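Visitor: I have a chain open on my screen and some questions about it. Could you walk me through the structure?

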Amino acid sequence: MGRKGTPGPHGEAADADTDGEAEAGQAAAAGAGAQEAEAWPPGAGPGPPLWRLPEELLLLICSYLDSQALGRLGQVSRRLQRFTSRDLLWRPIARACLNSGFTRHGTDLVTNIPVKERVKVSQNWRRGRCRQGTLLKWRRNLMPWMQLEGGCLYLSQAEDIHAYQLCPDGSSLRRRPLAIFSGHEEDVCRFVLASSHVVSGGGDGKIGLHKINGTFSIKFSAHEQEVNCVDCQGGVIVSGSRDRTAKVWSLSSSQLGQCLHTIQTEDRVWSIAISPLLSSFVTGTACCGHVSPLRIWDLTRKCVMEWEEPHDSALYCVQSDGNHMLASGSSYYGVVRLWDRRQKGCLHAFSLSSPTSSPVYCLRFSTTHLYAAVASALHVLDFKTP
């Protein structure tokens, strides 16, 4: 058990202060001396007893409140509203919430949005409250891939990658692309954003490298068949292919296009990712007899760990908030599911409207919106203004 008032392991206590607004009258009645607190500036006159306490002690007292009590306290006066809106008080609550912008180790990834506001939006994620919309549609069925960085959404459409500017509300975008990255002769299978570059793998067996804010663009032959997946970190590119190999490349200009290592994986490689420590990378392959589909390799081609896949249904994409929440896209009916790692069951499932059944080929989310690409459209789930 945590301290009194702190959120529980599933975030049940982390209710937004919107619940307290309906009881503002009770909060005002309970806040004796509220009017005096409004008129009393710091250091002027005796003031109510509460404000005679050192600020450090006030912060300590408030740290024992959950989000509902903290929100109600903020209804007492403008000064208390300002005091209880401090990020310092909401940060421990936010770390127990879903998709509030904090990693498992407490790193804040979204410093430009007040923590209190993120806690309020987090309740919509937990309760499944959102507004669905369609950002883009296209005429023929594709297998789009997507990346989200800052206010830009990058989307592969056939052999090109389009960069779109998201509108400030996050629920719409400017239809005219900011940039178009071309060069592949067949459809783009996967791409990543790294080191101010777009690194892409295509059905033509080639890897493309495009400067995001420039005109530099290059491609080179990488595999005998389509490049199903790529990743790039720390000046290293890894790629996986239908030709049953994974390869390691250097991003440096002197070695660009030269394969450093080739790994025989015994089956088609569908996904690949480099460890944040840059010491290893993981591959996901199709099942092949005794070979585990999920394996970790160090950069010297040695397999260091493997797992058996526990699921019997296909998941086309998965993303984590780096803490408690997972979002997955299924292979049928455009279904997006939200998961809380602290619970066994699915939190919520959303069926994206589509004329025909389609996998969710890719999804990305911020603290306020989730974007999902199916065969013929790009959908958005708005959790900020449901």
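Visitor: How many helices and strands does the protein chain have?

Guide: The protein chain of this predicted model has eight helices and 24 strands. Helices (H or I, at least four residues) and strands (E, at least two) are DSSP runs, numbered from the N terminus.

Visitor: Anything to know about the numbering and the model?

Guide: Residues are numbered from 1 along each chain as its sequence is written, and side-chain values use heavy atoms, with hydrogens and water left out. As this is a predicted model, local features need pLDDT of at least 70 and side-chain atom pairs count only at pLDDT 80 or more, while totals for chains, interfaces and linings use all residues.

Visitor: What percentage of the residues count as buried?

Guide: Of the 386 residues in the protein chain, 48% count as buried. Buried means under 20% relative accessible area, exposed over 50%, and partly exposed in between (1.4 Å probe, protein chains only).

Visitor: Let's take α7. Which of its residues are buried?

Guide: In helix α7 (residues 87-95), Leu89, Trp90, Ile93 and Ala94 are buried. They lie on the same side of α7 because they cover an arc of only 125° around the axis. The arc is that of the directions from the helix axis to the C-beta atoms.

Visitor: Why would that spacing put residues on one side?

Guide: An α-helix has 3.6 residues a turn, so residues three or four places apart point the same way.

Visitor: What sits on the face of α7 turned away from the buried side?

Guide: The exposed residues Leu88 and Pro92. The buried residues of α7 are covered by elements including α4 (55-62), α5 (67-73), α6 (78-84) and α8 (115-127).

Visitor: Which residues are buried in α4?

Guide: Leu58, Leu59 and Cys62 are buried there. Their arc around the axis is only 100°, which puts them on the same side of α4. What covers them includes α5, α6 and α7.

Visitor: What lines the second largest pocket?

Guide: Its lining consists of Leu50, Trp51, Leu58, Ile61, Cys62, Leu65, Ala69, Arg72, Leu73 and Leu80. The elements giving two or more residues to that lining are α4 and α5. On a 1 Å grid over the protein atoms alone, a pocket is an open set of points where a 1.4 Å probe fits, with protein on both sides within 12 Å along at least five of seven lines; lining residues have an atom within 4 Å of a point.

Visitor: How much space lies in the second largest pocket?

Guide: About 190 Å³. Grid points are joined across faces, edges and corners, and a volume is the space filled by probe spheres set on the points.

Visitor: Now the largest nonpolar core. Which residues touch the most other members?

Guide: Met146, Tyr154, Leu155, Phe191, Tyr371 and Leu378, out of 27 residues in that core. β3 (152-157) is among the strands that each supply at least two residues, and β3 gives the most, with four. A nonpolar core is a set of buried Ala, Val, Leu, Ile, Met, Phe, Trp, Tyr and Cys residues joined through side-chain atoms within 4.5 Å.

Visitor: What does Phe191 touch?

Guide: Not counting residues up to four places away in sequence, its partners include Trp145, Met146, Tyr154, Leu155 and Val230. Contact means heavy atoms within 4.5 Å. A second, separate core of 21 residues includes Leu98, Val121, Leu347 and Leu352.

Visitor: Where does Phe220 lie?

Guide: In strand β9 (residues 217-221). Phe220 is buried, with a relative accessible area of 10%. Leaving out residues up to four places away in sequence, Phe220 touches Lys206, Ile207, Trp249, Leu256 and Gly257.

Visitor: Is Lys206 buried or exposed?

Guide: Buried, as the relative accessible area of Lys206 is 19%. Lys206 lies in strand β8 (residues 206-211).

Visitor: Last topic, backbone angles. What is phi of Ala158?

Guide: Near 60°, a positive value in a residue other than glycine. Most residues other than glycine have a negative phi. Ala158 lies in the loop between β3 and β4 and counts as buried at 12% relative accessibility.

Visitor: And Glu266?

Guide: Phi of Glu266 is near 70°, also positive. Glu266 is in the loop between β13 (259-264) and β14 (269-274), and counts as partly exposed at 41% relative accessibility.
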